[in-house]
Amino acid sequence: MSSVARPERASVRLSPRTIALYAVGSLGTGGYATLPGLVLTYFLTDNLGVAALVAGLIVTAAKVWDVVIDPLIGAASDRQYARTGSRRGFMVVGALTLPLFFALTFAVPPSWGPTAGAICVFLAFLATATSFSLFQVPYVALPAELTRGYDERTRLLGWRVVVLTAAILLFGAGGPELRRAGADPVAGYLLMGVVAGVAIGVGMLIASRTADAAPLPGADAPPEAAVAATGFRAPYAAGLQTLRRSQPFRALLGTFLLQALATGTMLAAAQYVATWVLRSEDAVTLVFLSLVGPALVATPAWTAVSRRIGKERAFAVASILFTAASATLVIAAWLPGGWMYGSIGIAGIAYAGLQSLPMAMLPDVISHDEQRSGRGRAGTFTGVWTAGETIGFALGATTVSLMLAATGYISTVAGTTAQQPDAAVTGIVISFSVLPAVLMLASLLTLRRYRLRRSDIDA
């Protein structure tokens, strides 16, 4: 590759094919983020009879594994990019292996008992998380290498979030429908795992072709450090150095981690809200339609708003709107009912901005660092970013499981029912409303420290 950069590339519009291929990857990321977050804890507590606290620890432990391996994958992806000019290899491996492991996660029958069932689910989900990280870390790195344009990245990530929103709808509403299509809960969960796993893998495989469109023509050659940094410690040292070096990255990552925790908590509590607050297990489909449906329309609107007032200001507006909407849901502790779908819908409008805007800001952060430190470190950034995102979503499930355990939630196996104590139902409502609102409010404090503006990127 030439060592001379071509600034004019910033003004070139990405082709519709490149945008479409990249966006299809969100079929995979949306499915993986949605179904385990929505039903895995519930699958463990209400089908395998696993205690709520143990179920939360299982999900968290698998996600902690992600945090360990993401920086390693990021560094390895940088080395692959330096050698070959593409990050596709890891993406393909993840796409081909995930469907099997995802199906095995939901293939455990209640007859094996809570202990054996918990161990098998943990091992299968651990393997699933590894496959997903192999795809996700290089996938998130690509926008910084596909275009240098400030608004063009918003356009690219905006379409990605449109597909992501549709995927969340598809898997969030379709997953429970597939579960009910089985002859019994065991067959239903297996059917859901197989179909969803294949759909996720196909989306990931298609998106891996986008890696062939990067890096930017005429881009600077990656620094030798990106090739030479090997060994177990080097990737973590590089990640820590990235955090120390880039103040905008620290601010954006802290904000996104808190928001991932907020939305992860709400997601993990959704099935419990449907079953014990709205008194219908099937109501989880309507909850998802209310949360994600408005986002399909709102994502282009957030893109337009960000062009007018800046990404960081639009991001703050979306965060405030989500905080207000989720806080109102605490009323469901005394007055549950159909009105909740309205508040959830407003949160859904904000959710579109919470997904698209930080993902469009991350390539700006990477570009800002490249101006000072050279190219070739996008994988290191996204390895740390994905680890932070994983921590947020993992702790969301843990937070809900701790709340359930503290309030006396009664776990059951498939085919049996139990009457939950009032304290447990109240805890479910708090997990779905107050906790997300408080976490989102805290994220506004870290967002204030993000100081990159359009002029910093265009320069």
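Hi everyone, let's start with two tyrosines: Tyr-42 and Tyr-272 are both buried, meaning under 20% relative accessible area with a 1.4 Å probe, protein chains only. This is a predicted model, where local features need pLDDT of at least 70 and side-chain atom pairs count only at pLDDT 80 or more, while totals for chains, interfaces and linings use all residues. Residues are numbered from 1 along each chain as its sequence is written, and side-chain values use heavy atoms, leaving out hydrogens and water.

Ring pairs next. Rings of Phe, Tyr and Trp (its six-membered ring) pair if their centres lie within 6.5 Å, with planes under 30 degrees apart called stacked, over 60 edge-to-face and the rest tilted. That rule gives 11 aromatic pairs. For Tyr-42 and Tyr-272, the centres are 5.5 Å apart and the planes at 75 degrees, so this pair is edge-to-face. Tyr-42 sits in helix H1 and Tyr-272 in helix H10 (residues 247–277), so the pair ties together parts 230 residues apart in sequence. Helices here are DSSP runs (H or I, at least four residues), numbered from the N terminus. Ring pairs also link Tyr-42, Tyr-272, Trp-276 and Tyr-409 into a cluster.

Now, how do H1 and H4 cross? The axes of H1 (residues 16–46) and H4 (residues 114–141) come within 11 Å and cross at roughly 155 degrees; the axes are lines fitted to C-alpha atoms over the stretch in contact, with angles from 0 to 180 degrees between N-to-C directions. The two helices are therefore roughly antiparallel, the word for angles over 145 degrees.

Note on methods:
Parallel < 35°, antiparallel > 145°, perpendicular 65-115°, else oblique. Buried < 20%, exposed > 50% of the residue type's maximum accessible area, 1.4 Å probe, protein only.
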